[in-house]
Amino acid sequence: MQELGGDPALAQRIYQGLWQGGARTVDELPDVGAAWRSALRNAAFVSMLEPDLVLASDDGTRKYLWRLEDGHRIESVLIPDGDRLTLCMSSQVGCAMACTFCLTGDLGLKRQLKASEIANQPLQVGLQLAREDGRRITNLVLMGMGEPLHNLPNLIPALTNCLHDLGMNFSHRRVTVSTVGLVHKMVELAEALPVNLAVSVNATTEAQRRQIMPITRKHSLAKLIEAMERFPLPNNKRITIEYVMIAGFNDSLDDAARLFELLERVRAKVNLIPYNENPDRDLRTPPHDRVKAFQHYLVSRGLSCSIRTTRGTDISAACGQLGKARQQATEHGWLSDARRVAGFAPFPTS
Ligand code: SF4
């Protein structure tokens, strides 16, 4: 707006019109004169994601598959849980980290998402919910497709729009960025934004972690733990340790004991995630009593530890599965039914 010779008050009206009013074209911006509309149309456009497929699970979880301008597709997942309505967002098309248990890892990195493509996920889902029944997204997690810290230059402006009080106005306490442990980027994120950090640990020895998370060859488990110990956390925050439990691989009480030792000097809470089985991997979900025993070991020693409930299994909830769901839907000719199931009203196009 400065370059165009506009004043700050007009810039603010435009910003709020986009991020709070949900204007999807320059013409929908309120309180902007005709001359300015014309100038804006020549200088910029309002970008948006095209909803390709939306599936609703019996448990209320909803999956969005978005089609990008260049034909690539990304996913977001809306998860209701009591008072919470969490949107799990993507940060990249595919992912370079190649974690062996993850289907997105199979794709490799296709490209970075632009800041607008990240921020449009909560914006467009939020607008749809407001129109449907007035519900609001309460929490954002960057745990969808991609490694968010591998796309920091776009993640930071995207989340700035999510957090800004003239933008989507999410509390920083309700925004969590998850990483496989890109050690050098963790502090960069903390210096830019006061959001929560989650670290996907998933193993308790270097060799075990190298087997499922190739990033361990570059950033060892020891270096990751050290980085978490030194991480500049505000007093009231803790790092969430994500631990995907795979039967017979990392679910023993010896693993629990090693995890407890590793985290001794980290201000942490643990989230156990029983592996979500799928036909493309020969990996199994541990029996529930084994997961409970693991949790009990940690909790009885004073470490906060929760178990994540598996959601949306009937609509291919796990990371990377939705792309496959679309392929099946197209093959079986029920794509439009799937849209109707979700009660999805297509967004107006600009
Ligand atoms: S688990 Fe996350 S970081 Fe690992 S391959 Fe999948 S999307 Fe990438």
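Colleague: Which residues of helix H8 are buried?

Modeller: Leu-221, Leu-224, Ile-225 and Met-228 are, in H8 (residues 221–230). They sit on the same side of H8, because they cover an arc of only 95° around the axis. That arc is taken from the directions from the helix axis to the C-beta atoms. Buried means 20 or more other C-beta atoms within 10 Å of a residue's own, exposed means 12 or fewer, and partly exposed lies in between, with C-beta atoms placed from the backbone. Helices (H or I, at least four residues) and strands (E, at least two) are DSSP runs, numbered from the N terminus.

Before we go on: this is a predicted model, where local features need pLDDT of at least 70, side-chain atom pairs count only at pLDDT 80 or more, and totals for chains, interfaces and linings use all residues. Residues are numbered from 1 along each chain as its sequence is written.

Colleague: What do the buried residues of H8 pack against?

Modeller: Contact means C-beta atoms, placed from the backbone, within 7 Å. Here the partners are helix H6 (183–192), strand S9 (196–200), helix H7 (206–212), strand S10 (239–245) and helix H9 (253–262).

Colleague: Where is Cys-102 found, and why does it count as buried?

Modeller: Cys-102 is in the loop between strand S5 (92–94) and helix H3 (103–107). It counts as buried because it has 21 C-beta neighbours inside 10 Å.

Conventions: Contact = placed C-beta atoms within 7 Å.
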